[in-house]
Amino acid sequence: MQDPSAHDAHNGKLFIQTVGCQMNELDSELVVAALRKHGFQLTDDITSADTVLFNTCSVREHAEHKIYSALGRLKYSRRRRPQQVIGVMGCMAQKDQKLVFQKAPHVDIVVGTGQLSEIPGLIEDARANRGRHMAVSLARRDATRQTVAASFESYDPLRDPEMRPSAFQAYVRIMIGCDKFCTYCVVPMTRGPEQSRAPRDIVQEVHQLAAEGVKEVTLLGQTVNSYRHTEDGREYRLADLIAAFHDTPGLERIKFVTNYPRDMGDDLLQAVRDLPKLAHYLHVPAQSGCDEMLKRMKRGYTVADYREMMQRIHATVPDCAVSSDFIVGFCGETEEAHQKSMDLVREFRFKNSFIFKYSARTGTKADAIMLDDVPEETKRRRNVEMLELQTEISEEDNAERIGREYDVLVEGPSKTALKSADGEQGPLTQLTGRTRCDRIVVFDGNRRLTGSTARIRIDDCTATTLIGSIVTREFQHAPDGGLPILS
Ligand code: SAH
Ligand code: SF4
Ligand code: F3S
C-alpha cells in the first residue's frame, strides 16, 4: 500500500477528525493521501495515534465547540504519549490562529486552509523541535486583494483512489474562497478571496478520476456558479467548464454545489437542461424570505429576485429539484419576518432545506455592527417550526412519487445495511442511491450493483427517503460492463 518512493516509510499512525462542509471533506481526503505517501497509516483509534489532526469549521459556534472539547479530552492522553503530534487545520485554524494554542496549549500545529501542502513538513518540524508551529494566510484587511489571494493556495495534489470515501464518487474543487461577504458569514475570512481553478487542470482531474472508475463528480465552490476563468483568451463560466468535460467516457453524473442566487445564469440552466449527465438538482440557499433581513444579510437579492430565479429554473428544467439553506433568528428578525421565511418555504416547496440558528461570528460585519437580539429560545422555536414545515412538504412531495419508476445511480449498502450483520449474509442487501433529481432511494439488491444505474419503482417513502424495489429485468449489467448480475 505504501508508495515505494516515500522518503520515510514509518511515520506512525494518523487519526483525523473532520467537521464542516464538503470542501473540508475533500481537504481531509487530500491531506490523508499526501501523508500516506509519507508513510503515515490511517487509524480510526485516536488513543493509539501518533499524529492527531482536526480539520475544523468556524461557520457556527457549535462546530468550534466540538473541536475545542475534543482537544480538551486529548490533554490527558498526551501526558501518556508525549511524542504525539496534535494539529489543528482548516477554517478555525485560519480564524483563531494563536488563540488555538492559548485555548489548547498541547496543540503543536496550526495550519490554515491555504497551507495544507505544508502539513507533512510541519509534522516533521514538530517532531524534531517541540514547540508551536503555525502556517496561516494573511487577513483580508492586511494587504491588497492580490497579495491576500496569493497567500491562500488551492490545494489540489494528485488524487489517491484508495482514499476516496466511495470508489465511484468524487468531489472536484473548482474554486476556493468567497467575495460575497454576507454579513453573518466567516467563510470569506477563513477561505480567502474567490479564486477559480484553471479549466485545463479541472478537466485533467476529471479525466483521471473517470479513468479510475469514478461515475459521479460533484464540483465544489462556496458560490460555484460564480466560477469564472480566462484561459487561452477564452472566458469560461461554469456552463463552459462543464461542457469541456461532460463527454468524458465513464462519467455518468455531474453535480455542483453551492449556488448563489444572483449568479444563476440562463446559460447554466440551459446546460442543466441539455447535457444528459447533469443532475436535475440545484442547491440555491435563500437564507430568508424577508427583504429587510436579506438586506441586513447583504445577500444582494430580494424575495422577488429569488422568485424570478425560481421561475427561470422551472421554465427551463421543469423537473428540477431545488434545495435551500435558511438562517433563523438573524439580528432584528421579527416574528413577521420569520413568517415570511415560512411563506417562502411553502411557496417554493424545496426538496429539502438546511435550517440554522444564527450564530454570531467574530470578524463578521453582523457581529461588529448588529445586535444578536433574538433570544436563544425563540431561535430554537423558529428552527423547529421551519423544520416541521419543510419535513411535511418533503414527505408530501416524496409521497407523490409512489408508483413511479426512476433510474437510480446506486451508491452502495445503506447505513442500515452497514450497521446490521444481516447485510452480510443473504445475497440481497439494502442498497442506497439517488435519482437524477438527487432524491435518496433505498431498495434491496445485490451489492455488486454499486456504481451502476438500476431501474427502481417507488413503493413507499419517508420525508427524506424513497423506498422502492428493483424493476425486474432479466439481467442487470455489472458496473464494469462485465458479466451480467442476476438481480
Ligand atoms: N457558500 C454557501 C454556504 C456557506 S455556509 C452559500 O453561500 O450558500 C453554509 C450555510 O451555513 C449557509 O448557507 C448559511 O445558511 C449557514 N450559515 C453561515 N453563517 C452562519 C452563521 N453565522 N450562523 C448560522 N448559520 C450560518
Ligand atoms: Fe458565506 Fe455568503 Fe460567501 Fe456563502 S456567499 S460563503 S454565505 S459569504
Ligand atoms: Fe465551515 Fe469552512 Fe466549510 S467555515 S462550512 S468548513 S468553508
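**Walking through the model**

Reader: Let's start with Glu29, what does Glu29 touch?
Author: Leaving out residues up to four places away in sequence, Glu29 touches Arg159, Met163, Arg164 and Pro165 (contact means heavy atoms within 4.5 Å). This is a predicted model, where local features need pLDDT of at least 70, side-chain atom pairs count only at pLDDT 80 or more, and totals for chains, interfaces and linings use all residues. Residues are numbered from 1 along each chain as its sequence is written, and side-chain values use heavy atoms, without hydrogens and water.

Reader: Is Glu29 buried or exposed?
Author: Glu29 is buried, at a relative accessible area of 8% (buried is under 20%, exposed over 50%, partly exposed in between, with a 1.4 Å probe and protein chains only). Glu29 is part of helix 1, residues 22-37 (helices are DSSP runs of H or I, at least four residues, numbered from the N terminus).

Reader: Switching topic, which residues are around ligand 3?
Author: Cys21, Asn24, Thr56, Cys57, Ser58, Val59, Cys91, Arg191 and Gln222, where near means a heavy atom within 4 Å.

Reader: And by class, what does the shell around ligand 3 have?
Author: Four nonpolar, four polar and one charged residues (Ala, Val, Leu, Ile, Met, Phe, Trp, Tyr, Cys and Pro count as nonpolar, Asp, Glu, Lys and Arg as charged, the others, Gly among them, as polar).

Key. Chains lettered and ligands numbered in written order. Helix = DSSP H or I, 4+ residues; strand = E, 2+ residues; numbered from the N terminus.
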